[in-house]
Amino acid sequence: MSDSEQNPQVSRRGLLGGSLAVAASTLGVGGTATAAAATAHAQTSQLNQKSVPFWGKHQGGILTPQQTHTYFAAFDLDTAKRAELIELLKRWTAAASRMTRGDTAQPLSTDSEVAPADSGEAVGLSPARLTVTFGFGPGMFMRDGVDRYGLASRRPEALVDLPKFNGDQLVLERSGGDISVQACSDDPQVAFHAVRQLAAMANGIATLKWAQTGFVSGTTRNLMGFKDGTNNPSTKNPTLMDERVWVGKEGGWMQGGSYLVVRRIRISLEHWDRTNLGFQEQVVGRHKASGAPLGKKHEFEPLDLKATDADGNLVIPDTAHSRVASSAHNDGALILRRGYSYNDGANFYAERWPPWHQGIMYDAGLFFVAYQRDPRSGFIAINKTLSTQDMMNQYITHVGSGIFACPPGTLESGFVGASLFEGLKS
Ligand SMILES: C=CC1=C(C)c2cc3[nH]c(cc4nc(cc5[nH]c(cc1n2)c(C)c5CCC(=O)O)C(CCC(=O)O)=C4C)c(C)c3C=C
Ligand SMILES: [Fe+2]
């Protein structure tokens, strides 16, 4: 978390919006209802106008309370020159710091003979808690056996290539990437704007490989209708975050950073929606309405993995998702999940076997996002178990994937990832 992240500041535009709203309520002409509405508006504005500081010990967007929208992008590097890569990271740092405080990506000129340095769709909008989180994929260190930037010796041991998991149906066009950029904001237009500007500024050095949008509701229910994220480790516990999310001294230049694993997981909503409520709850291991573990009343009660019913059967089935993913079932593995639902429309399908069904299938599911100190004892350990034991596998398919080393946060004098290049011979 950036140092001042727990105390987000109201941006310049936020102050303006808030004070205008307060002024409206003071001038209030229509009695209490109008005043109350204006106050409510002022409060909403205050909330939406908040900006999350960009500079700090850790990158924003990891422990930041989850924003409602994401625009994730993976880039491939085209340049063969380290200096150009560094130049890109410097440009991106400056632009991201500007945009997170509600500014344009680059200063605008009034010269009508040149294309605007910012596309402009976020002008006048609040940053809405925009964070931009950068990560480095394996291809930054070595691609096709070539050490393009003299960085191979700096590839962290923990940045492994993800193994193929049981049931994976990964699409290359939605997987991998040399650099990841994840913009999160409470305003989807702001999130897209941020990535769009960074992509434009990368011209000639890096190109967009794939992108994914996502959303989450205030109730935190995913597209299966279940509360998601309940049993996440608490981001309010700094000792736990240091143990499980932030890379420690062992990581060298990555100290203070974190490893990101993303998976585009398609959910067969048509199949799920025809599944009885009772079986849905068995699959997840939790009650649908309350989010409580099976056999319990409240969402945040701990899972009792040993509990049995009157017939001696496990209350939380041995293949229920919550059990199979739990720390207790995975040698203590723990990750910080920050996933988003995605909805990319619907596709026509035609089966080529009797009785030759045709129809429309949603392309929707979960854009799974997880941060951890070490993916080998985090995502990989848990997903090895899930991919072979989870009852939910009847309904989900992993179709996209990526792993990235997200460097520590940046000081105002530096740039994102600066520690990676320290002490390198030119
Ligand atoms: C490898 C890690 C995980 C993948 C992949 C994954 C996919 C996935 N999960 C849901 C919905 C839920 N997951 C829940 C809990 C949960 N999931 C994981 C890990 C992965 N999930 C963990 C570590 C946990 C916590 C387990 C525990 O200790 O209790 C839940 C229950 C509520 C919660 O705690 O968040 C839901 C619901 C979907 C739909 C999905 C793929 C599409
Ligand atoms: Fe899960």
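This is a predicted model: local features need pLDDT of at least 70, side-chain atom pairs count only at pLDDT 80 or more; totals for chains, interfaces and linings use all residues.
Entry: I looked up where Ala128 sits and found it in the loop between H3 and E4. Its phi is positive, about 50 degrees, although Ala128 is not a glycine. I then checked Arg129, which is placed in the loop between H3 and E4. Arg129 also has a positive phi, about 60 degrees, and is not a glycine. Is Arg129 buried or exposed? I noted it as buried, because it has 27 C-beta neighbours inside 10 Å.

**Entry: helix H3.** I went back to the helix that precedes this loop. H3 covers residues 82-100, which makes 19 residues. From first C-alpha to last I read 27 Å, close to the 27 Å expected at 1.5 Å a residue. After H3 comes Gly102, with a positive phi near 95 degrees. I listed the buried residues of H3, among them Leu85, Leu88, Leu89, Trp92 and Ala96. The spacing made me recall that residues three or four places apart on an α-helix point the same way, because there are 3.6 residues a turn. I asked what covers the buried residues of H3. The cover includes strands E2 (50-51), E3 (69-77), E4 (131-136) and E6 (206-215), together with helix H4 (188-201).

**Entry: the core.** The largest nonpolar core has 85 residues. Leu130, Val181, Ala183 and Ala194 touch the most other members. H3 gives the most to this core, seven residues. I followed Ala183 and found that its contacts include Thr70, Leu130, Val132 and Ala194, leaving out residues up to four places away in sequence.

**Entry: the annotated span.** From UniProt I took an unreviewed entry that places "domain: Dyp-type peroxidase N-terminal" at residues 59-215. I found the end C-alpha atoms of that span 21 Å apart, with 21% helix and 20% strand between them.

**Entry: ligand 1.** Which residues come nearest to ligand 1? Of the 28 around it, I noted Asn231, Ala325, Ser326, Leu366 and Asn383. Strand E7 (258-267), helix H8 (321-325), strand E10 (358-372) and helix H9 (379-389) each give two or more residues to the shell. H9 gives the most, with four. I sorted the shell into 14 nonpolar, 10 polar and four charged residues.

**Entry: a cis bond.** Last, I looked at Pro354 and Pro355, which are joined by a cis peptide bond with omega about 0 degrees. Pro355 lies in the loop between E9 (340-350) and E10.

Technical notes: Residues are numbered from 1 along each chain as its sequence is written. Chains are lettered from A and ligands numbered from 1 in the order in which they are written. UniProt positions are given in the numbering used here, feature names are shortened, and annotations may be inferred rather than shown by experiment. The expected span of a helix is 1.5 Å times one less than its number of residues. A residue is buried if 20 or more other C-beta atoms lie within 10 Å of its own, exposed if 12 or fewer, and partly exposed in between; C-beta atoms are placed from the backbone. Two residues are in contact if their C-beta atoms, placed from the backbone, lie within 7 Å. A residue is near a molecule or strand if its C-beta atom, placed from the backbone, lies within 6 Å of it. Ala, Val, Leu, Ile, Met, Phe, Trp, Tyr, Cys and Pro count as nonpolar, Asp, Glu, Lys and Arg as charged, and the others, Gly among them, as polar. A nonpolar core is a set of buried Ala, Val, Leu, Ile, Met, Phe, Trp, Tyr and Cys residues joined through C-beta atoms within 7 Å.
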